[in-house]
Amino acid sequence: MSRGAGLTGRRPYRHYYPAALLTAVILVGAGLEACGKTPEASRARFQAMGTLVEVSVYGEDAATADAAGAEVEALFDQLQQRWDPWGEGELGRLNANAGGIEPLMVDEDLAQLLDGAAAISRDSEGLFDPAVGGLIRMWAFSSEELVPTSPPDAEKIQQAVAAGRPLYEIWRADTRQLLLGPGTAIDLGGFAKGVAVDMAIDLLRNKGIENAIVNAGGDLRAIGRHGDRAWRIGVRDPRGEGVLAAIDVEGDESVFTSGDYERYFIFEGRRYHHIIDPRDGYPTPGVSSVTVIHQQAAVADAAATALFVAGVDAWPRTAARLGVTQVMLVETSGTIHMSPQMEDRTWLIPDPKPEVNIQQIPAL
Ligand code: ADP
Ligand code: MG
């Protein structure tokens, strides 16, 4: 996510992890399908929030598509600066006040973002918790510049977990105030990309564009169609270079994936990745990726992170609490868990087929 104002276009962190160069979800219009009959969508590409953003527009002239792409780029740049946890913007200001005496009042934009994040933090019973920013920093996953090589001291992790309070407990929505404890911070890395994608889609719609995809590093929201067919997207195989599943998306849907391959290091044969369980302060074991389809990108983004932390056994309950019905969870063993609503529309690519376990999302 937003790893520092001024980092636009630079991804030093990724140089250390060649596997991370592939995006989680790939537009496969050009890959899986021999297309050529339908005219290609126009695309604008730029770097923002630590990832490659692609705006594809179908059925508009090039000038309209280019202008829209430029506006989306400006929007992402602006949001990246405002929501950088360690920068000069509003969120940076809030985090810099951690350990202070007086709570800070935040501007309306950030308040809205925190309202949304706090609601998902509560609904996920704290599994999604942007208040883990201190821990993320301790693990050195908070910056593109830092390259973590070993886990932090176990005692420090324990202390941070014990001192941590979830966002939904500390955010005072009525007065727009927040006071963070010493060493704690808000990190919107699991949410802000989704919010930005939603805002970008609103922007495109306000310009009269009806068929488009905003794809931020493989996480995307699609509206309309690609001419006479749906938009076809691919979900990356978390342990390979290829595509694990293809899904047709049309109307208005978001597809977001959280994975253990985006930011990680191997220490003494174990993989440590950037999705941290707020209950123990360690990366959630056993899961390599979670993909969620939901209309709103912000919900899909946060839900993918929450269900990743919920893990192999608990994800259906957390999905139910978040009102999410389409989920695919890939275990580190390769076994795939899906809700029936996801299985219905998913085309698994690998041959032989991986083991698949269909799990109902319970009614609560
Ligand atoms: P990806 O970057 O792979 O799309 P996510 O959307 O899950 O994955 O975002 C991961 C980021 O979310 C981390 O880099 C960190 O900034 C933040 N994060 C990590 N653990 C949590 C958590 N339990 N709750 C909320 N945010 C988290
Ligand atoms: Mg997320």
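A backbone N or O atom of Ile276 lies 2.8 Å from a nitrogen atom of ligand 1, a polar contact being a pair of N or O atoms within 3.5 Å, where pairs within protein also need one atom able to donate a hydrogen and the other able to accept it, and residues adjacent in sequence count only if both atoms are side-chain atoms. The protein covers 98% of the 570 Å² of accessible area that ligand 1 has on its own, with areas taken from the Shrake-Rupley method with a 1.4 Å probe. This is a predicted model, in which local features need pLDDT of at least 70 and side-chain atom pairs count only at pLDDT 80 or more, while totals for chains, interfaces and linings use all residues. Residues are numbered from 1 along each chain as its sequence is written, chains are lettered from A and ligands numbered from 1 in the order in which they are written, and side-chain values use heavy atoms, with hydrogens and water left out.

**Surroundings of ligand 1**
- Among the 23 residues around ligand 1, those that come nearest are Asp129, Asp187, Ser258, Ile276 and Thr305, where near means that a heavy atom of the residue lies within 4 Å.
- A polar backbone atom of Asp129 is 2.8 Å from a nitrogen atom of the ligand, and a backbone N or O atom of Gly190 lies 3.1 Å from an oxygen atom of ligand 1.
- By class, the shell holds nine nonpolar, seven polar and seven charged residues.
- Strand 10 (251–259) and helix 8 (297–322) each supply at least two residues of this shell, helices (H or I, at least four residues) and strands (E, at least two) being DSSP runs numbered from the N terminus.

**Buried residues**
- Thr257, which lies in strand 10, is buried at a relative accessible area of 8%, since buried means under 20%, exposed over 50% and partly exposed in between (1.4 Å probe, protein chains only).
- The side chain of Thr257 makes a polar contact of 2.9 Å with the side chain of Thr291.
- Phe191, in the loop between strand 5 (177–178) and helix 7 (192–206), counts as buried at 4% relative accessibility.

**Backbone geometry**
- Asp351 and Pro352 are joined by a cis peptide bond, with omega about 0 degrees, and Pro352 has its place in the loop between strand 16 (346–348) and strand 17 (356–358).
- Met49, a residue other than glycine, has a positive phi near 50 degrees and is buried, with a relative accessible area of 2%.
- Arg176 also is not a glycine and has a positive phi of about 60 degrees, but Arg176 counts as partly exposed at 25% relative accessibility.

Definitions and conventions: Ala, Val, Leu, Ile, Met, Phe, Trp, Tyr, Cys and Pro count as nonpolar, Asp, Glu, Lys and Arg as charged, and the others, Gly among them, as polar.
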